[in-house]
Amino acid sequence: QVQLVESGGDLVQPGGSLRLSCAASGFTFSSYVMGWYRQAPGKERELVARISTHGITYYADSVKGRFTISRDNAKNTVYLQMLSLKPEDTAVYYCNARTLQFEYWGQGTLVTVSE
């Protein structure tokens, strides 16, 4: 069965850092575009970062220069390194895997940025 198992969400202070991980199984990881989305209360789910099968990355303007998405195909894992965190980054972060045929979602992990 397909699984996307996320970890790393936590409560951190403004200016702090977190690294989110998403461990994938049940599909051919290297064939999928991987992404991180986030959703804050009362807001739409938004794309934060994406990495293609070739390692090409995309970032939302709000996180550009602070967040880094990476993937390790040998470990079937995608990461989101988050630096200089702001209260506006507070959200549930979701891992996403996509091809033209299929799309899978993780369960979400909560990131709270607050004093």
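Author: Start with the disulfide: Cys22 and Cys95 form it, with their sulfur atoms 2.1 Å apart. Keep in mind that this is a predicted model.

Reader: How many disulfides does the structure hold?
Author: The structure holds 1 disulfide. The pair links distant parts of the chain. Cys22 sits in strand S3 and Cys95 in strand S9, residues 91-98. They are 73 residues apart.

Reader: Is the link of Cys22 and Cys95 left-handed or right-handed?
Author: Left-handed, with -85 degrees about the S-S bond.

Reader: And are Cys22 and Cys95 buried or exposed?
Author: Both Cys22 and Cys95 are buried.

Reader: Switching to strands. Which strand does S3 pair with over 6 bridges?
Author: S8. Strand S3, residues 18-25, pairs with S8 in the antiparallel sense. Leu18 has Met82 as its bridge partner in S8.

Reader: What about S7 and S8, parallel or antiparallel?
Author: Antiparallel, over 6 bridges. S7 covers residues 67-72. Within that pairing, Ser70 stands opposite Tyr79 of S8.

Reader: How many residues lie between the strands in the hairpin of S7 and S8?
Author: The hairpin has 4 residues between its strands. Asn76 takes a positive phi there, near 50 degrees.

Reader: What cut-off counts as buried?
Author: Under 20% relative accessible area.

Technical notes:
Residues are numbered from 1 along each chain as its sequence is written. This is a predicted model: local features need pLDDT of at least 70, side-chain atom pairs count only at pLDDT 80 or more; totals for chains, interfaces and linings use all residues. Side-chain values use heavy atoms; hydrogens and water are left out. Two strands pair if DSSP finds at least two bridges between them. Helices (H or I, at least four residues) and strands (E, at least two) are DSSP runs, numbered from the N terminus. A disulfide is a pair of cysteine sulfur atoms within 2.5 Å. Buried means under 20% relative accessible area, exposed over 50%, partly exposed in between (1.4 Å probe, protein chains only).
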